[in-house]
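Here is a friendly walk through the sheets and helices of a fold. Please have the viewer open as you read.

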Amino acid sequence: MTAVFAMVLAGCTVANTNTGNGGGGSDGSAAAGASCGSQATQDAITKAVDGRTIKIGYTPPILSEFYTQVEKAAHNRMKYYADCYGVKWEWSRQGALNDAHSGVEAVGIVENFISNGFDAVFVCSAAPHSTMQEIYETGSKSGVDFYQFNSTEELENPSQATDPTGGLHTVSNIGYDDRWQSGYIAGQYIAGLLKGQGQIVQILGPSGSDWTKLRQQGFEAAIAEFPDMTIVGSADGGYVRDKGLTAAQDLLTKFPEIDAIYGENEDMALGASQAIDLAGLKHWDGSQGIITIGADGLISGMDSIRDGKLTATVDVNSIEMGTTMVDTLFQHEVLGMTVSQFIRIPTVVVDKANVDWAEGLIADAMAGAGSY
């Protein structure tokens, strides 16, 4: 038994050495050149799988380009495990149709997954922390495991000195370190281009959102390090492109001499880019014009970077996120491993200097064969 378990661990290590594109090929499958391990390892893990079907619910806060990229990467990775070890998957996606940032719809969606006997649920929700943890606790007693992704549980995680789980009822929380990170990195990037001098406006997410609060704190902390830089105004862009456009138009009317616009997510930054065009203003060309930066890492955003319409974005690595979500689930659900409560995905600022490879990784994943 010890020898077999060692082989299983070895097989899992092989699976995890591949990042971003689902195990070595753009479709994440064994046929694309990914290693399933030695024959002995493959046989051992296949035996552990035993032809099992895993029923997964997927609920993002909104059905957007970013969450489609996460989902596609997850599907590619699922195909890898299906091809290598015979796992069967059932996948159900449900996202909010109306007010994504209240989290009201997410509560009903997750409760529906529980009542329908799903094995595991991937959740990214703006609902109150305490509400979701109560639902997770109830669902766990029914045999449903919960994996949060792209969420903000660091805000609610108490000291682990007396509670090793930090009071959370999730198996794992998978995403980038979002306490300040994307906002802080964006602020540092703008300051570098402007050599520590200039006026900036912010387009924020919805008031009260944890994502809004964290990204704003990070951005303002970065700008505060430069005495000759000033945030002169801000507006709510609702995390969507059309509201980002309207918010940017209002800010450009009030502050026509600004040097940079920070959109807390990429859709709002792309809306700001449209506003610059509509106002007849100049985009940043490397020495002058208005800098625009967002955060997410979207194909549409990277196309805009290449076209000079968006200066940069903080790519929070949707592809690695989706891949890691499935790896973590497989380790826990099939191999019985204890997994990390917080798993952090690396991020990178993408601009014209590195947009080709950054967009290429996403494009490869989106062209993959995984589909569920």
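H3 and H12 are oblique to each other, because angles under 35 degrees count as roughly parallel, over 145 as roughly antiparallel, 65 to 115 as roughly perpendicular and the rest as oblique. Helix H3 (residues 65-85) packs against helix H12 (residues 355-366) at about 60 degrees, and their axes are 9 Å apart. Axes are lines fitted to C-alpha atoms, for helices over the stretch in contact, and angles run from 0 to 180 degrees between N-to-C directions. Helices (H or I, at least four residues) and strands (E, at least two) are DSSP runs, numbered from the N terminus.

From H3, Thr-68, Gln-69, Lys-72 and Asn-76 meet Ile-362, Ala-365 and Met-366 of H12; contact means heavy atoms within 4.5 Å.

## What the model is

This is a predicted model, in which local features need pLDDT of at least 70 and side-chain atom pairs count only at pLDDT 80 or more, while totals for chains, interfaces and linings use all residues. Residues are numbered from 1 along each chain as its sequence is written, and side-chain values use heavy atoms, with hydrogens and water left out.

## The parallel sheet

Strand S5 (residues 172-175) pairs with S11 in the parallel sense over three bridges, and Asn-173 is found opposite Phe-342 in S11.

## The mixed sheet

Another open sheet of six strands runs in the order S7-S6-S8-S9-S10-S12, and its pairing is mixed. Its edge strands are strand S7 (229-236) and strand S12 (348-350), each pairing on one side only.

S6 and S7 pair in the parallel sense over seven bridges, and Val-201 has Gly-233 in S7 as its bridge partner. Strand S8 (residues 260-263) and strand S9 (residues 291-296) also pair in the parallel sense, over three bridges, and Ala-260 stands opposite Ile-291 in S9.

How values were computed: Pairing = 2+ DSSP bridges.
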